[in-house]
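Subject: Handing over a structure

Dear colleague,

Please look through it first and then read on.

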Amino acid sequence: ATQTVNLNLSNAIELTFTGSNSATGAAVNLAFNTVNDYANGVSSSTQELKVRSNRKFGVTVKTNNANFSYTGTTTPAPVMPVSGVLDLRVPANATGGTIASPFSASTYSDLSATAQNLLSNCNNGGNQTFS
């Protein structure tokens with residue numbers, strides 16, 4: 001006797017922050033306490049993400065808005081653009097893929113409200129991490 005079994009497979013992908021094990025990472029608070037912090041910038045702790053996918057994948061990044069939001073009482077509210085202020089680098093890449101230019105493992109590159117490729121041609125699997 002024989003029997004045919006058909007598998008109807010869909011594309012599946014999940015992206016989670018390893019620190020919270022969810023799609024929402026913990027809040028990142030950047031403290032500017034000294035003149036040097038303002039002059040040279042500050043860095044957050046490493047934010048690691050894990051991808052589980054049944055197909056090769058890529059990762060793109062963008063900010064939610066072109067400008068930072070302001071919650072003070074100054075009128076008119078000051079405006080600070082994200083581009084040229086908020087930067088990103090990828091110091092660890094265990095996805096099997098390539099870090100897309102202008103991003104790199106050693107140098108920070110600007111984020112903006114326009115989507116940019118961060119990782120490309122990453123391998124499918126259950127624990128593809130990058131930070």
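How many helices and how many strands does the protein chain have? The protein chain has 1 helix and 8 strands, and from the N terminus on these elements follow one another in the order β-α-β-β-β-β-β-β-β.

Please keep in mind that this is a predicted model. The pLDDT of the protein chain averages 94, and 100% of the residues score at least 70. Among the elements, helix H1 (residues 35-40) has the lowest mean pLDDT, at 91, while strand E5 (residues 98-99) has the highest, at 98.

As to overall form, the radius of gyration of the protein chain is 19 Å, whereas a compact globule of 131 residues would have one near 14 Å. The C-alpha trace spans about 80 × 30 × 25 Å along its principal axes. Of the 131 residues, 21% count as buried, and the accessible surface comes to about 9,300 Å², of which 49% belongs to carbon and sulfur atoms.

Most peptide bonds are trans, and most residues other than glycine have a negative phi. Against that background, a cis peptide bond joins Thr75 and Pro76, with an omega of about -5°, and Pro76 lies in the loop between strand E3 (57-61) and strand E4 (87-88). A cis peptide bond also joins Ser101 and Pro102, where omega is about 15°, and Pro102 is placed in the loop between E5 and strand E6 (109-110).

Asn21 counts as exposed because its relative accessible area is 57%, which is over the 50% cut-off. Asn121, which is likewise a residue other than glycine, has a positive phi near 55°, but the place of Asn121 is in strand E7 (residues 116-122). With a relative accessible area of 52%, Asn121 is exposed.

With best wishes

Terms used:
Residues numbered from 1 in each chain as written. Predicted model: local features only at pLDDT ≥ 70, side-chain atom pairs only at ≥ 80, totals over all residues. Heavy atoms only, no water. pLDDT = per-residue confidence, 0-100. Helix = DSSP H or I, 4+ residues; strand = E, 2+ residues; numbered from the N terminus. Rg over C-alpha atoms; globule rule 2.2 N^0.38 Å. Buried < 20%, exposed > 50% of the residue type's maximum accessible area, 1.4 Å probe, protein only. Areas by Shrake-Rupley, 256 points an atom, 1.4 Å probe, with all protein chains shown as cover.
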